[in-house]
Amino acid sequence: MLTKHYWLDAPHGRVAIGPWAVLIGRSPDCNIVLEQPEISRHHLLVRLGREGAELLPLGRDPVRLNGVGCTELTRLNAGDQIDVGTWSFRVGEAEVGYASRWSETAWCLERQTGLLHLVTGPTFRVGGGPGDDLIVEGWDPQVFSLNLRSGMPVLTALLPGVRCGHDLEAGERVTLANDELITYRSESFCVRAKQAHTQAATYTQARPKHAVVALLEFQPRGGLLTVEIGGRLHATSLSDRRCDLVACLLQPPPPFNPGDFIPEEILCRHVWPGEKNGRTELNSLLYRLRQNLVDEGIDPAPLFERRIGGLRFLLAPHARVIVR
């Protein structure tokens, strides 16, 4: 079976665009952190859509795509160049043959910086040479390779000095499991198994039912809520109170996290500070919020869950939540 794989060629290596989105910006929670003052905390998102890789600008300033400013969701093609500040990324695309039983798991190498590199096959070489699949600056060519023919990654040390549990001799092979560590010189890679969940050509499982991206942008009166559910982006404007309610759900006070049930009293204090409002007013506000979404053609059922005593914003595992 042939499947398509996508990646970004970055200045310091290759970054896979897999079942997870690649978030680029100045914030330390990004997949690629660019420490330049003109770059927004969350500047852009590169993800897999129905037709392949897509670019979603998130920052104040437009992203330059092939030298032209880009301010909206745009389909990416192989060879496209994305410019962010003084950094440039080139989009790559290739068809790779895999047996269907492997399609549910994507194997990756995670660098110490947090960048994920999708292991494509059947043989994936890591080293410092121009012919290596993952190029590490300062390394010799073809330091080690990974083979996926058995369904599990098999590490082969091509040079002395590779360590995985113990020092490997050149030519020695080790079958890897999730979270194992591969070290060479001062660089380490952690082996990660990622469950595929997109419906694009690359992976076969169903898309998440809840939001994988939730972006709330404050405006002079209210805010703009953008969510991605089932591979589609939805956006709607929210008035002051409705925006405050969503903001408290997506960015709740400690010890709560986005996606947790937030108690009614905390929500009411945030939405109506200094006022004595309670469950009745909260239910009325939630009704108007849901009606607001329905009027925009957005089904509110996958977004909110109401229980006695609390409310939560429904998020897919590992969802990106951005409030600014």
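Visitor: Let's start with a pair of strands. Which residue stands opposite P263 in β27?

Guide: That's G310. Before going on, a word about what you're looking at: this is a predicted model, where local features need pLDDT of at least 70 and side-chain atom pairs count only at pLDDT 80 or more, while totals for chains, interfaces and linings use all residues. Residues are numbered from 1 along each chain as its sequence is written, and side-chain values use heavy atoms, with hydrogens and water left out.

Visitor: How do I read the pairing of strands?

Guide: The general idea is that strands of a sheet pair through backbone hydrogen bonds, either parallel or antiparallel. Strands here are DSSP runs (E, at least two residues), just as helices are runs of H or I with at least four, and both are numbered from the N terminus. Two strands pair if DSSP finds at least two bridges between them. In this model, β25 (residues 262–263) and β27 (residues 310–313) run antiparallel with two bridges, and I262 sits across from L311. On to β26 (residues 304–307): four bridges tie this strand to β27, again antiparallel, and R306 has L311 as its bridge partner.

Visitor: What is the order of the open sheet of three strands?

Guide: The order is β25-β27-β26, with antiparallel pairing.

Visitor: How many residues of β5 are buried?

Guide: Six of its six, in a strand that covers residues 44–49. "Buried" means under 20% relative accessible area; exposed is over 50%, and partly exposed is in between (1.4 Å probe, protein chains only). L44, V46 and L48 point one way from β5, L45, R47 and G49 point the other way, and all are buried. As for its partners, β5 pairs antiparallel with β3 (residues 22–25) over three bridges, where V22 is opposite V46. Six bridges, also antiparallel, join β5 to β6 (residues 52–57), and L44 has P57 as its bridge partner there.

Visitor: How do I read a helix? Which residues of α3 are buried?

Guide: Start with the length. The expected span of a helix is 1.5 Å times one less than its number of residues. α3 has 17 residues and reaches 24 Å from first C-alpha to last, close to the 24 Å expected. Its buried residues are L282, L285, L286, L289, N292 and L293. T280, Y287 and D295 are exposed on the face turned away from the buried side. The buried residues pack against β24 (232–238), α1, α2, β26 and β27. After α3 comes G297, with a positive phi near 80°.

Visitor: How many residues does the largest nonpolar core have?

Guide: It has 32, and those with the most contacts inside are L216, L245, V246, L303, F304 and F313. A nonpolar core is a set of buried Ala, Val, Leu, Ile, Met, Phe, Trp, Tyr and Cys residues joined through side-chain atoms within 4.5 Å. Elements giving two or more residues include α1 (240–250), α3 (279–295) and β27, and α1 provides the largest share, seven residues. Apart from this core lies another, of 23 residues, among them V126, V162, I182 and Y184.

Visitor: Is V136 buried or exposed?

Guide: V136 is buried, at a relative accessible area of 3%, and sits in the loop between β15 (134–135) and β16. Contact means heavy atoms within 4.5 Å. Leaving aside neighbours within four places in sequence, V136 is in contact with R111, V126, G127, G128 and F189. V136 and G13 are 123 residues apart in sequence, yet 6.6 Å apart in space, C-alpha to C-alpha.

Visitor: Where does S188 lie?

Guide: S188 lies in β21 (residues 187–195). At 14% relative accessibility, S188 counts as buried.
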